[in-house]
Amino acid sequence: MKSFEVAAHDFDLALTLDSGQTFHWEKEGPGFVGAIGERAVNVEQRGNVLHVREVEPSSSGSQRAALPGIIARYFALDHPLAEICASLPDDPTMQAAVGYCRGLRIMRQPRWECLATFITSSMKQVAHIRQISFVLRKRFGTRHGIRGAQVDIFPSAGKLGGLTEKDLRDCGLGYRAKNLLATAERVASGEADLESWRALPDDDLRAKLCALPGVGPKVANCVMLFAYERLRAFPIDVWIERVLLQKYFSPRRRLTARQLQEFTAKHFGENGGYAQQYLFHHARKTTPRRLSPRVR
DNA sequence: CTCCAGGGATGAT
DNA sequence: ATCATCCATGGA
């Protein structure tokens with residue numbers, strides 16, 4: 001089994017994979033198994049080096065691109081993390097989160113998988129989003145590996161678009177099934193061309209995404225941030241809303257979603273997506289659920 | 001058991 | 001434009 005190394009400075013693999021960006025990586029001994037697009041891999045971090053083994057598909061076919069470059073791109077090892085952190089605002093809340101999230105990078109995920117999993121994320125805890133991803137991959141994905149660690153690759157839009165709403169409801173999606181199916185059909189037909197949307201400016205891209213069933217401002221911003229390299233995108237979920245209202249405004253002040261988005265754009269700036277991810281992860285990992293202050 | 005989760009679509013003000 | 005309500009499911 002061939003293995004290779006990838007240099008990774010200012011990077012924390014476990015922290016990054018546990019930060020709620022991606023939902024399919026699983027701990028396997030000292031490393032993690034998962035997939036990057038169609039490539040299934042086992043990745044273990046030792047210091048500043050990633051040790052990578054590929055989990056071969058049962059029928060390996062055509063020529064394949066070099067994996068080291070794919071790894072580096074997926075984990076965004078080229079992001080100038082020190083520069084990005086230095087660009088974040090110098091307020092106490094932000095700096096506490098920055099200190100807590102050293103080595104956390106915003107990954108570059110495949111567009112369809114990212115879009116699909118965040119459609120399933122609405123009103124779901126991270127643990128259950130992972131469960132839904134698991135069942136979708138198990139039932140409808142393509143399997144790599146014969147024995148030992150198996151990896152099931154996330155099903156394509158064509159695959160999911162060919163299913164019925166009941167097939168998806170049976171995976172625990174609830175009311176999200178209809179939306180995922182409808183969006184999968186649009187992507188599969190080419191009516192929604194996720195790849196070509198790369199070229200669009202932020203506002204146009206967000207509008208395209210929000211026109212898809214099951215996609216509103218929050219999910220659109222997640223997909224922009226995690227799959228389109230739009231580091232300004234600032235998704236506001238219940239956690240982030242709590243942090244913003246509690247730490248950046250007075251507790252019982254009323255703000256519209258629009259006002260909140262305007263504030264984040266101005267205060268957190270060009271790397272707002274990193275700010276958001278650090279605030280999110282810090283809050284989620286350090287706030288005891290019972291003691292979490294209730295807003296509203 | 002209850003409470004709530006990386007929200008969105010819809011219809012009423 | 002903003003708000004209320006509903007939508008399914010399961011982790012904690």
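Two strands pair if DSSP finds at least two bridges between them; helices (H or I, at least four residues) and strands (E, at least two) are DSSP runs, numbered from the N terminus. The views below come from a predicted model, in which local features need pLDDT of at least 70, side-chain atom pairs count only at pLDDT 80 or more, and totals for chains, interfaces and linings use all residues. Residues are numbered from 1 along each chain as its sequence is written, chains are lettered from A and ligands numbered from 1 in written order, and side-chain values use heavy atoms, without hydrogens or water.

**View 1. Strand E3 (residues 31–36) meets strand E4 (residues 39–46).** These antiparallel strands are joined by 5 bridges. Look for alanine 35, which sits opposite alanine 40 in E4. The hairpin has 2 residues between E3 and E4, and in its turn glycine 37 has a positive phi of about 60°.

**View 2. E4 also pairs with strand E5 (residues 49–55).** Here 7 bridges link the antiparallel strands, and asparagine 42 faces arginine 53 in E5. In this hairpin, glycine 47 takes a positive phi near 65°. E4 is mostly covered, with 6 of its 8 residues buried (under 20% relative accessible area, with a 1.4 Å probe and protein chains only).

**View 3. Helix H5 (residues 111–119) is largely enclosed by the rest of the structure, because 9 of its 9 residues are buried.** Among them are Trp112, Leu115 and Phe118. The buried residues of H5 pack against helix H6 (126–140), helix H7 (157–161), helix H9 (176–189) and H11, where contact means heavy atoms within 4.5 Å.

Note on methods: Buried means under 20% relative accessible area, exposed over 50%, partly exposed in between (1.4 Å probe, protein chains only).
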